[in-house]
Amino acid sequence: MARRTMMLMAGLVALALSVGAALSGGDGPDQAASRSASDRAMMRHPADPVEDGRPSLVDYRRLDDRIVALMRDPDMVGLAVGTIEMGQVRFAKGYGETLAGSGSAVTPDTVFRWASLSKGVAAALVVGLAEEKRLSLDAPVAASGTTLTLPGGVTSISVADILSHRTGLVRNAWDDRLEAGEDPKALRAALGSLPPYCPPGTCHAYQNIAFDAAAEIVERASGRDYARFAADRLFAPLGMTRTSIGRAGLERAPSWARPHRRGRVPTIVNDNYYRVPAAGGVNASIRDLLLWMRAQLAGAPEILSPAAIERMQRPIVATPPRGRRGAMDRALTDAGYGLGWRTFTYAGRKLVGHRGSVDGYGALILFDPLHQSGIVMLWNSNQPKPARLQLEFMDMLYGLPPTDWLELDQDQQK
């Protein structure tokens, strides 16, 4: 088994390097970095057939044109997009700048923050430890050595309840205090003083501070630092060489995207959600995010087993609509949540994904497990519009009539 695992790890690293060479025209990192911003802006990715001869279902010229048009939005700064079709990486490209006005171009190797896409990493670590019998998903969190307390002194919620946001707490409990700089462990220990939102284990209410109890669970079960364990267990074996947890990992990357607010106004990187690493601590490039998505599509079975993937991606609680929802959110029906992953139905097909945002950054992953296809996106502004591109990709993939989900045509008519 050890030899097979080593061979798989070597193969995945080779895959990552070969994908990188193919998508950067064969240049190494130094050559790619030396390209001018204008050269990168001219790069296009026609819909060439994949190696096994199957034609692409997606019109990448049109997709590229749509993204270029999106980048004209006055709030957009930088964006990276990648796709997989039928298990094959088909597209990976950067647009715009790492810092507004700098001329430093975003590339497929530019590192962004994942924000809440990080929750899928936490789920994979916990489920993997459960497969090794080092913990139980059904065990009460009270016996898992975390700092978490819950309203009414409830002790019965399970590890799986944490990963599916079924704690009984009000949505985003005390995120405002986390953002004000308070210690997340102290906040987690005091969550029990809040009034209950619903009986624990019965409803979904999204969390960050409570969800980060997963980091404590991982550290106790593994005996390792959370970030180091994630790197050794997932990132390195998958060939995710530009992936890290924590602010230092972002800022030491050779190319990293600076955060911006509306109007392309630069802002600072803050540590708020890095202090809850299971909930929002991961950084990576779009090339690495493609490798992560490929693993979710059962492309690395000795690292993420099919059983683990099924367990994480199986919806276990409904996430009914709340508040005003746009056309895209109305189109994604049957919304549910598994372990660290959202699930939807679109055009009669099951989709799995997640979105993330922290100040100055946005992130998205959405894929069709049966079709073995999906899209990933990372950007460095507080503009939410890029998320709508996911359905333009899915419409192309499924051969549906084009819909202006990005509302670019409407903008041109104004």
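1. Which residue stands opposite Asn283 in E7? Ser244 does, and this contact belongs to the pairing of E4 with E7, which is antiparallel and spans two bridges.

2. The model is predicted, with local features needing pLDDT of at least 70 and side-chain atom pairs counting only at pLDDT 80 or more, while totals for chains, interfaces and linings use all residues. Residues are numbered from 1 along each chain as its sequence is written, and side-chain values use heavy atoms, with hydrogens and water left out.

3. The open sheet consists of three strands in the order E3-E7-E4, with antiparallel pairing; strands are DSSP runs (E, at least two residues) numbered from the N terminus, and two of them pair if DSSP finds at least two bridges between them. Because strand E3 (111-113) and strand E4 (244-245) each have a single partner strand, they stand at the edges, and one side of each is left without a neighbour in the sheet.

4. Between E3 and strand E7 (residues 282-285), which run antiparallel, there are three bridges. Phe112 stands opposite Ala284, and Arg113 has Asn283 as its bridge partner.

5. Within E7, Val282 and Ala284 point one way, whereas Asn283 and Ser285 point the other way, and all are buried (under 20% relative accessible area, with exposed over 50% and partly exposed in between, for a 1.4 Å probe and protein chains only).

6. Helix H16 (residues 389-398) is mostly covered, with ten of its ten residues buried; helices are DSSP runs of H or I with at least four residues. Among the buried residues are Glu392, Phe393, Asp395 and Tyr398. Just after H16, Gly399 adopts a positive phi of about 70 degrees.
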